[in-house]
Amino acid sequence: MNILLSPTVGQISAQVDVVLSHDAAASVVGIRAQTPGQWPDKVTIRDRAFSLAWCPSPIVVREKLLECENAAEGTGLVILTPVDDQSLGADVLARLSRGRVFAVDCWDMVRNVFQAREIDARLAQWPWLAEALLENMPADGYPPAPGGFLDMDSAWAHVLRHVLGLSSEHSLRPDLLAILKWSLDYERVDRYARLSEHAKRQVTAWLSEAMGAPGKLAMQCIQAGFASELVPVGLMCGIVFHEEAEDSAALMAAAVRLEKYFGGSPIHPNEARHLYQGVRKLLDGLDPIALDRVLEAGDRLFQSLHLPSFARVSDDLPGGFEARLAALGESIRAYLEHPGAEAAVSVAIAADYASRHRLSERAGLRKARIEMAARLIRRLEQERQRPQAPAADLRRCVSDYVQDGAFIDRDRLS
């Protein structure tokens with residue numbers, strides 16, 4: 001049982017609603033409350049107004065009952081009291097609905113609002129879930145539990161959706177992509193921050209189990225207090241734990257600096273790559289404004305890792321695109337100073353590497369220039385290996401220029 005010392009307005013309303021479902025004419029409802037709460041003077045339940053009265057002693061209870069007799073017809077009274085039944089007396093209890101003072105059992109209330117006959121017994125290990133479901137019940141109520149049974153996954157899904165604003169489109173259990181999307185909404189992240197530490201730990205444990213390995217690292221980051229930085233941190237994982245990156249002291253030091261975002265725990269490379277792949281999938285679906293905001297945050301975080309020579313590794317960060325363009329420029333200069341097949345291949349590889357960056361598609365003219373530069377170097381190398389004889393007459397010169405030379409000039413002058 002999850003009995004509350006001081007029931008909230010939502011829980012009081014839910015208890016009165018249960019009473020009215022059995023006795024529509026009930027006018028006085030007693031509810032056990034060990035301490036006073038921040039309650040309004042009145043609540044409306046099933047189109048009826050009920051006054052809320054804190055009654056710390058039997059005398060106050062009797063006074064409120066006398067006032068109730070003079071109240072307008074149809075107005076009810078909710079007595080909130082810590083006084084036990086024996087001290088109240090049989091005559092007072094007889095005035096109360098069903099002759100008793102109700103102890104607010106949150107799970108009993110939950111069963112009622114879901115119109116369920118039974119609740120998954122495993123939910124008892126998370127008593128705060130019942131309170132959360134009652135406190136965050138939508139205006140139109142919860143849908144009836146299928147088959148009259150409220151299962152564990154459904155209860156958690158409603159808590160995550162209505163308490164944290166977290167849900168998945170295809171399943172009751174959120175996946176990594178849903179967590180990453182949620183982390184970009186500061187208002188929803190703040191809802192998590194306002195939970196008790198106990199509730200945070202249980203949410204983290206549940207989601208870690210629900211998502212398995214792909215979400216384990218994400219939940220560590222959230223629990224460590226860096227939910228809003230989750231996506232930029234995931235981008236850093238793609239650099240620090242890049243599959244093709246060679247081991248280096250700089251990367252090892254960066255990995256240690258990243259640990260603070262995961263509660264100081266060592267980061268498993270495979271889990272880091274799982275997180276990065278989820279982030280890349282998220283970025284594919286973001287609008288340009290949201291994408292720019294995330295990438296700028298990632299660039300700032302990258303600077304704090306002191307890895308300037310590894311910027312080119314990133315397929316996403318603006319700094320990575322600039323680093324690849326710089327590398328392309330160096331390869332072109334190297335070819336022009338020392339032409340050769342190997343140098344030409346280096347230019348082609350650098351151009352392809354720059355073109356595969358996420359931001360190249362948005363670069364417009366810059367991407368076109370990457371392609372043009374690569375074509376010009378390829379053409380220069382062809383000319384160097386197989387020089388062509390000059391055209392014999394003007395007609396041939398014009399024909400060659402139209403078919404070939406004009407395209408070279410376009411690339412050269414663009």
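## A charge over a ring

The charged end of R324 lies 3.8 Å from the centre of the ring of Y353 and sits over that ring. A charge is said to sit over a ring if NZ of Lys or CZ of Arg is within 6 Å of the ring centre and within 35 degrees of the ring normal.

## Basis of the model

The model is predicted, and local features need pLDDT of at least 70, side-chain atom pairs count only at pLDDT 80 or more, and totals for chains, interfaces and linings use all residues. Residues are numbered from 1 along each chain as its sequence is written, and side-chain values use heavy atoms, with hydrogens and water left out.

## Overall form

The chain contains 19 helices and seven strands; helices (H or I, at least four residues) and strands (E, at least two) are DSSP runs, numbered from the N terminus. The radius of gyration of the chain is 34 Å, well over the 22 Å that the globule rule gives for 414 residues, so the chain is more spread out than a compact globule. This radius is taken over C-alpha atoms, and the globule rule is 2.2 Å times the number of residues to the power 0.38. Along the principal axes, the C-alpha atoms fill a box of roughly 120 × 50 × 35 Å.

Of the 414 residues, 45% count as buried (under 20% relative accessible area, with exposed over 50% and partly exposed in between; 1.4 Å probe, protein chains only). Among contacts (heavy atoms within 4.5 Å) between residues at least 6 apart in sequence, 71% join residues at least 24 apart.

## Helix α1

Helix α1 (residues 9-22) has 14 residues and reaches 20 Å from its first C-alpha to its last, close to the 20 Å expected at 1.5 Å a residue. The expected span is 1.5 Å times one less than the number of residues. The buried residues of α1 are Q11, I12, S13, A14, Q15, V16, V18, V19 and L20.

Q15, in α1, is buried at 4% relative accessibility. Not counting residues up to four places away in sequence, Q15 touches I31, F102, A103, V104 and M109. S21, also placed in α1, is partly exposed at 37% relative accessibility. Leaving aside neighbours within four places in sequence, S21 is in contact with R46 and N112. The C-alpha atoms of S21 and R46 are separated by 9.5 Å, although the two residues are 25 residues apart along the chain.

## Aromatic pairs

Rings of Phe, Tyr and Trp (its six-membered ring) pair if their centres lie within 6.5 Å; planes under 30 degrees apart count as stacked, over 60 as edge-to-face and the rest as tilted. By this rule there are eight aromatic pairs. In one of them, the ring centres of W39 and W54 are 6.2 Å apart and the planes are at 50°, so the pair is tilted. W39 lies in the loop between β1 (28-32) and β2 (42-45) and W54 in strand β3 (residues 48-54), so the pair ties together parts that are 15 residues apart in sequence.

W39 is buried, with a relative accessible area of 16%, whereas W54 is partly exposed at 27%. Elsewhere, ring pairs link W126, W128, W156 and W206 into a cluster.

## Cysteines

The count of disulfides (pairs of cysteine sulfur atoms within 2.5 Å) is zero. The sulfur of C55 is 11 Å from the closest cysteine sulfur, in C68, which is too far for a bond. C237 is likewise in no disulfide, as the nearest cysteine sulfur, that of C221, is 8.4 Å away. C55 is buried at 0% relative accessibility, and C237 is buried with a relative accessible area of 1%.
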